[in-house]
Amino acid sequence: MKIARLVFVGFTFVLGSLIGFVTFMLQTIMISDIPVSFTATEALVIHILYFVSTLFLICGVISIPSRAAYGVALLLLTAVFLFNIQVLDRRMFHAGYDPALLQIQLAPVLHLGFVLIVALFMMILQWRRQRTVEKQNMEFLANSESF
């Protein structure tokens with residue numbers, strides 16, 4: 001059971017990361033200076049692919065079995081999040097740029113930010129659950145010693 005869970009976590013993280021990387025490359029080609037056609041359909045495909053990647057990553061985050069693994073996942077996701085913030089073209093925030101380009105450029109930052117929030121929430125939830133179990137074990141031991 002534990003091995004199947006670890007395989008599922010690994011599979012979802014690898015698949016989510018792979019889809020996210022391919023989508024990031026597609027997005028980079030689309031918004032580069034190379035004359036590539038940019039249509040609403042292509043923008044929608046990018047958003048759908050980021051959404052699928054986000055779903056896989058969140059499924060992987062929810063299935064993580066230990067707090068140490070949450071720490072590693074948070075560290076890696078934070079590194080990718082900071083990379084996406086560095087790659088973000090800040091010139092697009094000024095007037096004169098197409099809002100669709102800005103929306104596509106912000107998509108990886110927003111999706112990874114959501115995954116980071118879910119991972120942090122799950123880590124805190126597991127930490128609280130572990131503290132509650134430890135507290136119940138201490139109470140049980142104290143009650144069992146009194147007999």
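How much accessible surface does the protein have, and what share of it belongs to carbon and sulfur atoms?

**View 1. The whole protein and its surface.** The accessible surface (Shrake-Rupley method, 1.4 Å probe) comes to about 10,000 Å², and 73% of it belongs to carbon and sulfur atoms. This is a predicted model, where local features need pLDDT of at least 70 and side-chain atom pairs count only at pLDDT 80 or more, while totals for chains, interfaces and linings use all residues. Residues are numbered from 1 along each chain as its sequence is written, and side-chain values use heavy atoms, leaving out hydrogens and water.

View 2. You will find 4 helices and 0 strands here, in the order α-α-α-α. Helices are DSSP runs of H or I with at least four residues, strands are runs of E with at least two, and both are numbered from the N terminus. Of the 147 residues, 31% are buried (under 20% relative accessible area, with exposed meaning over 50% and partly exposed in between; 1.4 Å probe, protein chains only).

View 3. Helix α3 spans residues 67–87. Its buried residues are Y70, A73, L74, L77, F81 and N84. Seen down the axis of α3, they fall within an arc of 100° (taken from the directions from the helix axis to the C-beta atoms), so they line one face of the helix. Turned away from that buried side are the exposed residues A68, L75, L76 and Q86.

**View 4. The neighbours of α3.** The buried residues of α3 pack against α1 (2–31), α2 (40–62) and α4 (99–145), with contact meaning heavy atoms within 4.5 Å.

How values were computed: The expected span of a helix is 1.5 Å times one less than its number of residues.
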